[in-house]
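Let's walk through this complex piece by piece.

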Amino acid sequence: MSTRVSSYAVAAVRRDLRRTLLVLVGLVALAVTAISGQSSQADAAAPPDQPIGIVCTYGEGNNPGHPVFNLTTKTGYISLPDGNTAFMWGYSAGHGGFQHPSNVLCVNEGDQVTVILHNTLEEPVSVTFPGQTGVLADGLPTSQEVTAGSATALAPAAAALSGTMTYTFEADHAGTFLYESGTNPDKQVRMGLFGALIVRPTMGADYAYNSADSQFEPSEEFMVLLSEIDPYQHQAVEQGRSFNVNNYKPRYWLINGRGFPDSIADNYASWLPNQPYGALAEIFEFAGTGDRPSMARYLSVGSDNYPFHPHGNNGLVVGRDGHELKNGVGDDLSMEKFDINIGPGQTWDVLFKWYDAEHYSEANPVPVTVPSLANSVIGTFYSGSPYLGGQQSLPTGSEGLNQCGEYYIISHNHALYQITSWGVNMTGPITYMRIDPPGTDHGSCGQ
Amino acid sequence: MSSRVRCNAGEKVALRFANLGFKETAMSIAGIPMRVVGRDATHMTGRDGHDTSYVTETINMSPGESYDVIFEAPAYQGGGTDPDIYVLYNRQYERSNNLAGGGFGGAATHIEVYPPGHLLEQVHPNDWAEVAP
């Protein structure tokens, strides 16, 4: 991305974050109340204390090797970065309320997985599991469903209003997968009936696949689930009107169900009650031999290619569509990419490292002439020092959200019209890689 | 020309994809993995002879690209001789729809898997293969 665009980016971040900061300050007291209030509800599970990274939902039943997920269709609203809201559908696990996207289901390779779908919507709904084989629905092979001579679903559906359907399959290989509605998908998937399914390999939860070279740092595992919304389709569904899919035109694009800057807020941020999953990739530098890379699981439920682009950082693509990039005899086919061009329904598994290559510091300064303040824009997250772990006072009038001299490097969809929210620039699927200084803790900086 | 695929369980089936449209397309099979063995009429082999073929469920094709894939028809699950039906469809849903009432009407077809030996060999590509006497 050019410097010119970057300066626009910084300016936009400043505008947006000023607003976010105000909201944030206003909501601190409310947040405390809301969280303590939530825990008193009998059915609502308290959100896990996990501000960043992938929040797994595990199977019920307490029967190792046989996880059971009860997914109930729910409706609700999400907040969008331009202040708009969208009516959505979703699957909610257990007794959870509506959330978007649907729960991240985590299972182990070899598990016999049961997903019981409880439908509450006014039309039939199903679940398909792309990448899984031998899926049974109520004990029978899943097959296309035909209604009145028309193909209507990729899998048998739970009847409208109160139907149930039980899907079972063996999670026979590790990887990142989608689950989504197979019924009238250009309506139902777009309304939000989708989520991520992660199958952990036999070698362990800190491996992407059953290969020693797919090991990653488990505290630095992130989801990048990309989606899109045409607000007119959602409005039509909310009002019970028909929608001509020929007029389908997305106006919002989201990462983990949020637009920027909500995307960098913590998991379970109190002001996003139905959008629990953040997308901030908070890591430490890769310290060399013995250290492990970070892991990003990309998924797309959209209808266009999404060229996702982490700035200043290549990633090693080790898997795609839940298949490790190795050939039939185990040769490595992984590849370095700085643009993850993810197609509809695809998933990509990417290991990444951030190196403090030059070790710049006060004693080893960056060899540039710093432009005058009049020609500079001070980013919201700038620490006042260009050095990792350094902090200095900011010019008068700057706002500083930096905690302890950490770095922030943007990641975004490079189809720039897709990082907008109905025309509002620099929103949409944008997040940051946050590099914490060595010796601190994620999130708190050890403070 | 029909794009209906008929095969016996256990057979290796070759699918040749070519994107002659002007948009990316994401052909997917629900429930059968495919191995990509050729792309743009070139065998998936590196310069040093390494096999670079890979397995996927989604062929994300740019305009003008072509892909050759092979899948193995899964074990027959049904009863009698009715085929198991797997759907081959464009995951870019509006391109597998064409405004068909309530479902799939565009770039979508069936892969029909019969019990072993039910169908004779194809006579030419894309024929449906006769039922064995």
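First, a word on confidence: pLDDT is the predictor's confidence in each residue, on a scale from 0 to 100. For chain B the mean pLDDT is 89, with 92% of its residues at 70 or more. The complex gets an ipTM of 0.88 and a pTM of 0.89 from the predictor. Where pLDDT is low, the predicted coordinates should not be read in detail. This is a predicted model, so local features need pLDDT of at least 70 and side-chain atom pairs count only at pLDDT 80 or more, while totals for chains, interfaces and linings use all residues. As for labels, residues are numbered from 1 along each chain as its sequence is written, and chains are lettered from A and ligands numbered from 1 in the order in which they are written.

Now chain A. It holds three helices and 24 strands; these are DSSP runs, H or I over at least four residues for helices and E over at least two for strands, numbered from the N terminus. Among contacts in chain A with a separation of 6 or more, 68% link residues 24 or more positions apart; a contact means C-beta atoms, placed from the backbone, within 7 Å.

What about the sheets? Strands of a sheet pair through backbone hydrogen bonds, either parallel or antiparallel, and here two strands pair if DSSP finds at least two bridges between them. One open sheet of chain A has four strands in the order 1-4-12-11, with mixed pairing. Its edge strands are strand 1 (56–57) and strand 11 (175–180), each pairing on one side only. Strand 1 of chain A runs parallel to strand 4 (residues 104–108), joined by two bridges, and Cys56(A) has Val104(A) as its bridge partner there.

Another open sheet of chain A has five strands, ordered 15-24-23-17-21, again with mixed pairing. Strand 15 (281–284) and strand 21 (340–342) of chain A each have a single partner strand, so one side of each is left without a neighbour in the sheet.

Strand 10 (residues 164–170) of chain A is worth a stop. Met165(A), Tyr167(A) and Phe169(A) make up its covered face, while Thr164(A), Thr166(A), Thr168(A) and Glu170(A) make up the uncovered one. Seven bridges tie strand 10 of chain A to the antiparallel strand 5 (residues 112–118), and strand 6 (residues 136–137) of chain A pairs with strand 10 antiparallel over two bridges. Tyr167(A) is the bridge partner of Val115(A) and also of Ala137(A).

The largest nonpolar core has 121 residues, and Leu197(A), Val224(A) and Tyr298(A) have the most contacts inside it. Such a core is a set of buried Ala, Val, Leu, Ile, Met, Phe, Trp, Tyr and Cys residues joined through C-beta atoms within 7 Å. Beyond four places in sequence, the contacts of Leu197(A) include Leu105(A) and Phe129(A).

Finally, the interface: 33 residues of chain B are in contact with 36 residues of chain A.

Methods:
Contact = placed C-beta atoms within 7 Å. Buried ≥ 20, exposed ≤ 12 C-beta atoms within 10 Å, placed from the backbone.
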